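Please read these notes with the model open beside you, and look up each residue as it is named. They move from the ligand to the strands and then to the pockets.

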Amino acid sequence: MDDRTFRNAMGKFATGVTVITTDHGGEPHGMTANAFMSVSLNPRLIVVSIGEKARMLDKIRESGKFAVNILSEQQQEVSMLFAGQLKENREADLDTIQGVPVVKDALANVVCKVYGTQIVGDHTLFIGEVEDIVLRDGKPLTFYEGKYGKLAETQLI
Ligand code: FAD
């Protein structure tokens with residue numbers, strides 16, 4: 001199996017899109033991520049997976065806190081901004097919860113303190129213990145086969 005086959009297979013898993021945010025010496029930093037999942041209800045734990053080259057890695061290690069912001073279908077540009085996919089630099093629309101920067105108007109801001117870390121291959125898993133949540137109504141931005149999308153109206157069977 002080559003890398004392309006592995007990537008293509010993983011791309012068959014449709015996900016939402018998040019931006020992970022943290023504060024580093026008073027400066028907010030964000031990065032787009034879809035490697036996110038809920039891990040445990042008691043205690044309330046989630047996990048994100050961050051590549052070894054991402055600048056976010058050391059920033060979370062140092063701050064010990066981060067937020068996972070689940071993006072709405074209106075926030076494709078926010079995802080592109082925090083993935084370095086926009087040509088121009090932009091000011092990000094951020095708020096703060098418990099001293100942690102969060103993305104305004106996201107479907108959910110999930111604020112965590114680092115509960116544990118595990119280096120796995122070329123990524124680091126950050127397990128976060130959830131300390132605060134803000135929820136908003138709306139529909140999610142999706143990511144499938146390397147492309148952004150929206151949810152079609154689902155029909156209940
Ligand atoms: P940088 O490259 O330093 O920052 C990312 C971008 O955000 C830069 O353009 C920077 O200017 C901008 N930015 C950061 N903070 C601010 C701010 N405060 N105000 C304005 N702009 C700011 N990588 C993973 O490791 N794990 C994943 O799960 C993952 N999932 C992804 C899912 C999708 C849909 C996409 C598109 C990318 C994903 N990536 C993932 C790749 C990752 O988003 C990029 O490699 C990212 O650039 C790495 O972040 P960094 O910490 O090195 O940040």
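The numbered points below describe the ligand site, the strand pairing and the pockets.

1. On the basis of the model: this is a predicted model, in which local features need pLDDT of at least 70 and side-chain atom pairs count only at pLDDT 80 or more, while totals for chains, interfaces and linings use all residues. Residues are numbered from 1 along each chain as its sequence is written, and side-chain values use heavy atoms, with hydrogens and water left out.

2. On the ligand shell: the ligand is surrounded by 25 residues, and the closest are Thr32, Ser49, Gly51, Arg55 and Met56; a residue is near a molecule if one of its heavy atoms lies within 4 Å of it. Sorted by class, this shell holds 13 nonpolar, ten polar and two charged residues, where Ala, Val, Leu, Ile, Met, Phe, Trp, Tyr, Cys and Pro count as nonpolar, Asp, Glu, Lys and Arg as charged, and the others, Gly among them, as polar.

3. Met56 has a backbone N or O atom 2.8 Å from a ligand oxygen atom, and Leu81 has a backbone N or O atom at 3.2 Å from a ligand oxygen atom. The protein covers 76% of the 980 Å² of accessible area that the ligand has on its own, with areas taken from the Shrake-Rupley method with a 1.4 Å probe.

4. Which elements give two or more residues to the shell around the ligand? They are β3 (27-33), β5 (45-51) and α3 (76-82), and the largest share, six residues, comes from β3. Helices (H or I, at least four residues) and strands (E, at least two) are DSSP runs, numbered from the N terminus.

5. On strand pairing: two strands pair if DSSP finds at least two bridges between them. Elsewhere, three strands form an open antiparallel sheet in the order β1-β11-β12, with β1 (15-16) and β12 (147-150) as the edge strands, each pairing on one side only. Within this sheet, β11 (residues 141-144) pairs with β12 over four bridges, and Tyr144 has Lys147 as its bridge partner in β12.

6. On the largest pocket: its volume is about 1600 Å³, and 38 residues line it, of which Met10, Asn34, Ala35, His123 and Phe143 lie nearest its centre. A pocket here is an open set of points on a 1 Å grid over the protein atoms alone, where a 1.4 Å probe fits, with protein on both sides within 12 Å along at least five of seven lines, and lining residues have an atom within 4 Å of a point; a volume is the space filled by probe spheres set on the points, which are joined across faces, edges and corners. The largest share of this lining, seven residues, comes from α1.

7. On the second largest pocket: about 160 Å³ of space lies in it, and its lining includes Pro28, His29, Gly30 and Leu81. β3 and α3 each supply at least two residues of this lining, and β3 gives the largest share, three residues.

Note on methods: Polar contact = N/O pair within 3.5 Å; in protein donor to acceptor, adjacent residues only side chain to side chain.
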